[in-house]
Amino acid sequence: MILKKISILNYKNIREASLELSPKINCFIGHNGEGKTNLLDAVYYLSFCHSAYTAIDSQVICHDQDFFVLEGLYEDDALNPTTVYCGMKRGTKKHFKRNKKEYKRLSQHIGLIPLIFVSPGDTLLIEGGSEERRRLMDVVISQYDNTYIETLNSYNKALLQRNTMLKTEEEPDMELLKIWEEQMAIHGELIYQKRDAFVKELIPVFQEIYQHISGDREQVSLRYESHCQRGPLLDVIQRDRMKDRAVGYSLHGIHRDDLEMLQGGYPVKREGSQGQHKTFVIALKLCCLMTYSTSWMPAGWSRS
């Protein structure tokens, strides 16, 4: 999908703008604070139904305004047009529409317009916690597989319910607790399989891109770590149930997965320079962008 035109009204510091874009490369030049990043964030919003910088939708509305509107005109490879609209008033829910038809669930939109967003804050992929690296896997995979978000949401719902029961002062209903653990295991193992397949396909492409950027001077790799690798996830979750009860939350599950980033066999977070961190992240983001080529996608995946 190519973005042909975008219209923006009351989005952050952009009061009103309408731009026609090149199908190739577009470059935005201006002074600090003029809205260049906010324009890119508006493009991101039309792909992911939220801002790249805040999860609170009302925070993207201009300070003295009561609503915002975004509208993008896209074309696919066959030049078929698609219009994506998003609008929201303060105090109400946002409305997302494709060709004037509103989505029943926002998850139905994810993957229609694949997008990779690169920003200075991406060094958190290396320097930050494991949640940053899980989010990267989730964002990319969800744009291939329209069942992924639903499966992840089901897992997170079961995780929340189990954690709530673990925190209660009185002894939880063990039969009900077991039901939520079984749901975590069912959905968690599906998530693990999709993440594992994604990383295995990602590694050789990532290494090739990194070697090209660095002049083949450094050896890098990725390693996926998951509790699912210790055996059936239900057994792993239930094995330390008493310890989970003591701390009040679930210590095991795919919500603790990590994507280790290695340079010369050692963590790049510890061994790499600031420049190497940036090279690593750029190569990783370029690799993720290449995953939107159907010729690269793992067997059995589709861009439905």
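Arginine 15 is partly exposed, at 44% relative accessibility (partly exposed lies between buried, under 20% relative accessible area, and exposed, over 50%, with a 1.4 Å probe and protein chains only). The structure is a predicted model, in which local features need pLDDT of at least 70 and side-chain atom pairs count only at pLDDT 80 or more, whereas totals for chains, interfaces and linings use all residues. Residues are numbered from 1 along each chain as its sequence is written, and side-chain values use heavy atoms, with hydrogens and water left out.

The side chain of arginine 15 forms a salt bridge with that of aspartate 64, at 2.7 Å from N to O (a salt bridge is a side-chain nitrogen of Lys or Arg within 4 Å of a carboxyl oxygen of Asp or Glu). Arginine 15 belongs to strand S2 (residues 14-20) and aspartate 64 to the loop between helix H1 (36-48) and strand S3 (67-75), so the pair ties together parts 49 residues apart in sequence. Helices (H or I, at least four residues) and strands (E, at least two) are DSSP runs, numbered from the N terminus. Aspartate 64 is exposed, with a relative accessible area of 52%.

In the whole structure, 18 salt bridges are found. Arginine 223 pairs in this way with glutamate 260, the closest N and O atoms being 2.6 Å apart. Because arginine 223 lies in strand S7 (residues 220-225) and glutamate 260 in strand S8 (residues 258-263), this pair ties together parts that are 37 residues apart in sequence. Both side chains come from partly exposed residues, with relative accessibility of 40% for arginine 223 and 28% for glutamate 260. Arg162, Glu181, Arg241 and Asp244 are linked in a salt-bridge network.

The largest nonpolar core has 44 residues, of which Phe206, Leu222, Ile254, Met261, Phe280 and Leu284 touch the most other members (a nonpolar core is a set of buried Ala, Val, Leu, Ile, Met, Phe, Trp, Tyr and Cys residues joined through side-chain atoms within 4.5 Å). Elements giving two or more residues to this core include helix H4 (148-167), helix H5 (174-214), S7 and S8. The largest share, 14 residues, comes from H5. Another core, of 29 residues, lies apart from it and has Leu21, Leu39, Ile113 and Leu115 among its members. Leaving aside neighbours within four places in sequence, isoleucine 254 is in contact (heavy atoms within 4.5 Å) with residues including Arg134, Leu152, Tyr155, Ile191 and Leu233.

On the surface, Ile213, Ile282, Leu286 and Leu289 form a nonpolar patch with about 330 Å² of accessible area together. Patches are made of residues with over 30% relative accessible area and no salt bridge, like charges being joined within 9 Å and nonpolar side chains (Val, Leu, Ile, Met, Phe, Trp, Tyr) within 5 Å; areas come from the Shrake-Rupley method with a 1.4 Å probe, and for residues only the protein chains shown count as cover. Helix H9 (residues 274-290) gives the most to the patch, with three residues. Leucine 289, in helix H9, is partly exposed at 46% relative accessible area.

The disulfide count is zero (a disulfide is a pair of cysteine sulfur atoms within 2.5 Å). For cysteine 49, the nearest cysteine sulfur is that of cysteine 86, 7.2 Å away. Cysteine 49 is buried, at 3% relative accessibility.
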